[in-house]
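Hi,

Here is the structure I said I would pass on.

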Amino acid sequence: MNHWIIAPVILPAMLAPFIVLAMRHDLGLQRIFSTLGTAALVAISAGLLVMSHGNPPETYFLGNWDAPFGIVLVLDKLAATMVLLTAVLALMVQLYAIGSGWDARGKHFHALFQFQLMGVCGAFLTGDAFNLFVFFEVLLIASYGLMIHGGGGARLKAGVQYVAYNLLGSTLFLFALATIYATTGTLNMADLAVKAGQLAAEDAALLRVGAVLLLLVFAVKGALVPLQFWLPATYALAPGPVAALFAIMTKVGAYAVIRFYTLIFPDGATSTGMLYSELLMPAALVTLALGAVGVLGASGLARQVAFAGIASMGTLFIAVAAFTPQGIAAALYYAVHSTIATALLFLVVDLVRARRDSDTLDSTLPRFGQSGLLAALFFGGAIAMAGMPPLSGFLGKLLVMDATRGDQMALIWGVILVSSLLIVVGFARAGSTVFWKCHAVSEPAEPQSRPDLLAFAMVFAMLAALVGLTLAAGPLMGWFDTVAEELFARSPYIDSVLAPREE
Amino acid sequence: MELLVASAIGLMTACGIYLMLRQRSFPVIVGLAMITYAVNVFLFASGRLTLGLPPILRDDAAGYTDPLPQALVLTAIVISFGMTAVIVMMALGAFLDTGSDKMDLDDDRAEDPEARK
């Protein structure tokens, strides 16, 4: 049994209370320890990724209880990829928060940040459906704290809405799990995969109810229409770096959909049939369209980026709904791209907000410091988000479109292409209003005392990551193809959990 | 007994959903609490309803009651309790900061007291 598998959960779980208890009053120490912890997380997750390469999925039995009686963590290629993505994003966001001084505007930023990482990594690694619920709650309760970091009436109000919405989501999750447990008698994912296949036809209806409830829960997480209402206000009013970190949270929803509907309820299974692709595809198309219209109509930059995030989730779910290995591979590439692109744009918007005191699309405000540099960064992020060449969004959309050839091609391609155009128009309008028209208004405002170098460096690092993602698209797609292959084979995962162990 | 438990879950869920759709934060939180109670009972019932049976299978026992849902429901209770405390504190903070306990966000008008009329 390889103990490194649990390290991405244990490390932040230990670090966070340590930060709260031992260095509550010393922000400098908090920054050092928290950054070191996140850097160690990057190293560990990179190691795990290397370990998962070429090997079958590996299982960690908590308390050494045999599956399906104990809780298991499973490291397969998908989990390793997502954990590494989380760690890298977290490191960049954390350094940005330090550079921009966000972590000093309230208490316990770093502790909450680590708890958030614990929840996200745990959700990716766990092989138990109820444990997934618990990790969802861990990441949610940390996100509640992060969301209202810095305070303010509007933010608190959006926070209450966000919490209420997610509490309802958690309740639905419990309803779903109870229904599934009542029909199959297990909550271990690998065991569920076996039991769901053997279920008698008369019990299938109840399992289907549970499966659709689960889809609703993941749709809440992944901001899929019609359950996306929480996202725009939450992301727009959350502190910039927190919104950037939240870019990974919607991916947790997408991850869970991929995991459950390749492993437990594969397409064409006797109990659930073609249900998911039939439900998921229309919802994904509407999500994409709604996100694009939102980008066009949003009144502020942050809200616009939030809607662009919804649109990218739509694109992602279109690729997932194809439910082919090719579709899943494209979805994974697009997930990595959209996580970084969304985070990048939120950070740029945060820098603009810090200089302009407002993110409304209002051309009467004066010029602000470093507006040229920020305009260039916004331009880069918008290109990536809208899916224009030369950045990875273009490749991602191309892959998604390539994976959805077939009967519905005209509809899907039409929605993707038209929505891309709308997003381009929306961002072009916002960019010219905020960055160009202000030059006509008045004298340039006093430049900021000192550009926060670390914050800018991190934004550039994200842009560089997008460029890297574009240049390395070939090898990366090769990797994602093997990830998708492993998911669709199913038996390696099930065997690694349920096969008898030699001691 | 099944009828009683089932109708209790249904009634609590219905009340919870009704309250959640209200405009002010207090009824919404009470509604959330109601739904959590409903789901806790529902989780409990997922191990089948039995009376007076031991939770562990033994050779001399006539039957057993499934212990796992009880562990699950305990976790769910603890989590929902914590979450309710968090949302109460946040709702209180929002009320004290903005002077209104409405759940909806009309953010364009919120900043402009003139437009609120």
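**What I found**

E278(A) is exposed, with a relative accessible area of 54%, which puts this glutamate over the 50% cut-off for that label. Bear in mind that everything here comes from a predicted model. As for where it sits, E278(A) belongs to helix α11 of chain A, the one covering residues 275-297. Its C-alpha atom is 7.9 Å from that of A321(A), although 43 residues separate the two along the chain.

T470(A) is buried, at a relative accessible area of 17%, so it falls under the 20% cut-off. You'll find T470(A) in helix α18, which runs over residues 453-471 of chain A. Which residues does T470(A) touch once its neighbours within four places in sequence are set aside? The list is Y333(A), P390(A), L391(A), S392(A) and L395(A).

Now for chain A as a whole. It has 20 helices and 2 strands. Its radius of gyration is 22 Å, close to the 23 Å that the globule rule gives for 503 residues, so chain A is as compact as a globular protein of that length.

Buried residues account for 62% of the 503 in chain A. Take the contacts in chain A between residues at least 6 apart in sequence: 80% of them join residues at least 24 apart.

Chain B comes with some annotation. The unreviewed UniProt entry lists residues 6-21, 28-51 and 71-96 of chain B under "transmembrane region". I have values for two of those spans in the model:

- Residues 28-51 of chain B are 75% helix and 0% strand, and the C-alpha atoms at the ends of the span lie 35 Å apart.
- Residues 71-96 of chain B are 100% helix and 0% strand, with 38 Å between the end C-alpha atoms.

Cheers

Definitions and conventions. Residues are numbered from 1 along each chain as its sequence is written. Chains are lettered from A and ligands numbered from 1 in the order in which they are written. This is a predicted model: local features need pLDDT of at least 70, side-chain atom pairs count only at pLDDT 80 or more; totals for chains, interfaces and linings use all residues. Side-chain values use heavy atoms; hydrogens and water are left out. UniProt positions are given in the numbering used here, feature names are shortened, and annotations may be inferred rather than shown by experiment. Helices (H or I, at least four residues) and strands (E, at least two) are DSSP runs, numbered from the N terminus. The radius of gyration is taken over C-alpha atoms; the globule rule is 2.2 Å times the number of residues to the power 0.38. Buried means under 20% relative accessible area, exposed over 50%, partly exposed in between (1.4 Å probe, protein chains only). Contact means heavy atoms within 4.5 Å.
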